[in-house]
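Subject: Structure handover

Hi,

Here is the structure you will be working with. Please open it and keep it in view while you read.

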Amino acid sequence: MAEIADDGGGHKKGGKKRAKKQSTRIDMTPMVDLGFLLLTFFVLTSTFSKPKSMEISFPAPIDNQTKPPEVKNGITLILTKDNRIFYYKGQFNAPNNPDGKPATELSETTFSSGGLHKILLEMNTYANDEIAKLETKVKNRQLADTAFKRLAMDAKGDKRSLTALVKTDDQATYKNVVDAVDELNVCLVGKYVIVDMTAPEYALLTAKIK
Amino acid sequence: MSKIKMAKGSPSLDMTPMVDLAFLLVTFFMLTASFRMAEPVVVDPPASHSDKTLPDNTILVTVDNQGRPYFGVSNAEAKLATLMKMSDKYKVKFTDDQIRKFGGMSSFGVDINDLPKYIDASENERQKFPTKGVPNDSLKNPQLSDWVRYAAQETNGIYIRERDAAKAAGKDFMGEKVRYAIKADGKAKYISVKAVLKTFTDMKIYRFNLITSLEGGEKKATEEEKK
């Protein structure tokens, strides 16, 4: 074991006086044991303590006078109880609307990779393709990282990429919302917002989940 | 045939370097470790793929699985200053001892009138403390929004003061602006989180950090449960 060896110097003044024969070695085993115990404790407790977080922005409230902008490539996700999720594509069309468009119907999907993830990827091909192209450019050293970030933002904000609205009723859990937003982030959807449901949408939903 | 000779050297080996290294590591971990303060309630945040770490300077609102809001500030100086302002506004007196203890608490979820009693309670009693969270009624009892408003004022004041002091001294300023974090339980109803979000958006605060756990084994477990 680790030991301090010391020959017990000194005591040589008085000629005949004998030097002490006792060894001055100290057994350091307990100290080293304690040292390792503390090491183990700190290694196990200190790492992984920093929580992860997801950054999100909410829209500033707008007055009711302004008409919401026309969205071409859009999806509306409606979350409700029992982890169920409904969606419709494009604009909401009320039944018997004056434009003669077919009324909006809700389709159901799931949070699994075959459900929501697939739908979002299909609808957001533009941003995904553009960003994949940019990534290969970065790999081939044709593009700087900072430029990549800016161009990726532009691709996500482009008109051709997907716009998503997330709406919930009273029954949806916080986990559902975070899952949906996380899925949007994974599918590189840059334009999304969590908003309140409109009355016709709510009527449609209650009819569907009855 | 000659006999195999045993090695004569002693079987003990010099462990000094190993022990030196071990103590070096102990010192390192002891100095870098930051201890989390005890939280008033166990919250199980949902998982996400985000790998951003939470900034250090935060105003945190925790929402437990029953939708009750809890309030906390990471900056110790701002925490105490906020308490003073709240104490003035709601005419609740705190003793010096209570103020000191409050500085050591991470977050709390009680009405300000119950706060002195809550601070005096022991760790175990706090767990059982009857509470409805920090009152968050924008018309009758907007305590949560007051806590957030004062805490934001204080932390921003400290940020600006430190930045100017660093500028005057000609040093680089490393401080962070305050971020608003929300840590909610996955089982909480979204409307209770929405009520908290509304408190912030009413104050023109629109950017949040939602605290999540890292996507991993947890999600698989819930999927297996369904089967």
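Predicted model: local features only at pLDDT ≥ 70, side-chain atom pairs only at ≥ 80, totals over all residues.

Residues are numbered from 1 along each chain as its sequence is written, while chains are lettered from A and ligands numbered from 1 in the order in which they are written.

**Chain B**

Chain B has eight helices and six strands. Helices (H or I, at least four residues) and strands (E, at least two) are DSSP runs, numbered from the N terminus. Along the sequence, the pattern is α-β-β-β-β-α-α-α-α-α-β-α-β-α. Of the 227 residues in chain B, 30% are buried (20 or more other C-beta atoms within 10 Å of their own, with C-beta atoms placed from the backbone).

**Where the chains meet**

How many residues does each chain give to the contact? Chain B gives 42 and chain A gives 35. Residues are in contact if their C-beta atoms, placed from the backbone, lie within 7 Å. Elements of chain B that give two or more residues include α1 (16-32), α7 (190-202) and β6 (207-214). α1(B) gives the most, with nine residues. The chain B side has 23 nonpolar, 12 polar and seven charged residues. Here Ala, Val, Leu, Ile, Met, Phe, Trp, Tyr, Cys and Pro count as nonpolar, Asp, Glu, Lys and Arg as charged, and the others, Gly among them, as polar.

**Strand pairing**

β6(B) also pairs with strand β1 (residues 52-57) of chain A. The sense is antiparallel, over six bridges. Strands pair if DSSP finds at least two bridges between them. In β6(B), B:I211 is the bridge partner of A:S53.

Best wishes

Technical notes
Buried ≥ 20, exposed ≤ 12 C-beta atoms within 10 Å, placed from the backbone. Contact = placed C-beta atoms within 7 Å.
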